[in-house]
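Subject: Structure handover

Hello,

Please find the structure below. My notes on it follow.

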Amino acid sequence: MFLINQHHSLELDAFFRFVTTLGEDTIWLILLLALLYRHFVKKVKQTAIVKFLLISWILKVLVSLFLKNIFNHPRPIEVYQNSGRAINLVEGVTLHHWQSFPSGHTTTAFAFACFCAIVFRKTSLSIILLVMAMLVGFSRMYLFQHFPRDVFAGSILGVAVVVVMAKFFYKKEEISA
């Protein structure tokens with residue numbers, strides 16, 4: 001935790017402050033709007049993909065929030081604020097104190113990467129999104145928002161939700177773009 005936190009610079013602060021936003025639900029909304037545009041304006045049938053996206057998105061939110069509320073683990077600042085150890089904080093980042101487990105941003109990023117890998121089936125896109133998801137997870141530790149266990153659990157949860165939903169949708173309809 002502190003190994004990551006002690007290597008700060010203004011450039012890295014700005015970079016990881018941006019990268020962490022890629023783990024917010026806005027990314028799902030943008031993809032949903034693009035799919036709906038293709039469906040209604042371009043007349044490319046996207047019904048199964050839109051259903052798959054919506055159910056995966058909602059399920060990952062519900063499961064993540066459920067786990068956060070059940071465990072209600074403290075975040076790094078809550079644990080270490082009175083430890084006397086040097087903590088590097090990034091200006092403009094609001095620190096939260098509780099509901100650390102699992103990392104919601106990491107769950108979102110990995111679920112999104114997995115969803116896109118399954119639907120679009122493009123190796124280069126899948127690799128880029130996987131790297132993005134890993135950077136989001138790293139950013140959560142860099143910004144002192146999560147412990148490594150939170151990020152690891154978030155990555156597993158994000159992938160698991162989408163894989164389970166994909167298995168359900170493969171039985172029903174084709175879900176590739």
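Some ground rules before the rest. This is a predicted model, in which local features need pLDDT of at least 70 and side-chain atom pairs count only at pLDDT 80 or more, while totals for chains, interfaces and linings use all residues. Residues are numbered from 1 along each chain as its sequence is written, and side-chain values use heavy atoms, with hydrogens and water left out.

**Confidence**

pLDDT is the predictor's confidence in each residue, from 0 to 100. The protein chain averages 93. A score of at least 70 is reached by 95% of the residues. Among the elements, α7 has the highest mean pLDDT (98) and α1 the lowest (86). Helices here are DSSP runs (H or I, at least four residues), numbered from the N terminus; strands would be E runs of at least two.

**Helix α4**

α4 covers residues 47-71, which is 25 residues. From first C-alpha to last it reaches 36 Å, close to the 36 Å expected at 1.5 Å a residue. The expected span is 1.5 Å times one less than the number of residues in the helix.

The buried residues of α4 are Ala-48, Ile-49, Val-50, Phe-52, Leu-53, Ser-56, Trp-57, Lys-60, Ser-64 and Lys-68. Buried means under 20% relative accessible area, exposed means over 50%, and partly exposed lies in between (1.4 Å probe, protein chains only). An α-helix has 3.6 residues a turn, so residues three or four places apart point the same way.

**Salt bridges**

A salt bridge here is a side-chain nitrogen of Lys or Arg within 4 Å of a carboxyl oxygen of Asp or Glu. The count comes to two.

One joins the side chains of Asp-25 and Lys-60, at 2.6 Å from N to O. Asp-25 lies in the loop between α2 and α3 (26-40) and Lys-60 in helix α4, so the pair ties together parts that are 35 residues apart in sequence. Lys-60 is buried, with a relative accessible area of 3%. Asp-25 is partly exposed, at 30%.

The side chains of Asp-150 and Arg-149 also meet in a salt bridge, at 3.0 Å from N to O. Asp-150 is buried, with a relative accessible area of 0%. Arg-149 is partly exposed, at 37%.

α7 has 20 residues, which should span 28 Å at 1.5 Å a residue. Its end C-alpha atoms are 28 Å apart, which agrees. Its buried residues include Leu-129, Met-132, Ala-133, Val-136 and Gly-137.

α2 (10-21) and α7 (123-142) each supply at least two residues. α7 gives the most, with five.

**The nonpolar core**

A nonpolar core is a set of buried Ala, Val, Leu, Ile, Met, Phe, Trp, Tyr and Cys residues joined through side-chain atoms within 4.5 Å. The largest one has 42 residues. Trp-28, Leu-31, Phe-52, Leu-53, Phe-112, Phe-115 and Val-162 touch the most other members. The elements giving two or more residues are α1 (2-5), α2, α3, α4, α6, α7 and α8. The largest share, ten residues, comes from α6.

**Backbone points to check by eye**

- The peptide bond from Phe-101 to Pro-102 is cis, with omega near -5°. Pro-102 sits in the loop between α5 (76-80) and α6 (104-120).
- Gln-99 is found in that loop between α5 and α6 too. Its phi is positive, near 60°, and Gln-99 is not a glycine. Gln-99 is partly exposed, with a relative accessible area of 27%.
- Phe-144 lies in the loop between α7 and α8 (148-172). Phe-144 is buried, with a relative accessible area of 0%.

Best regards
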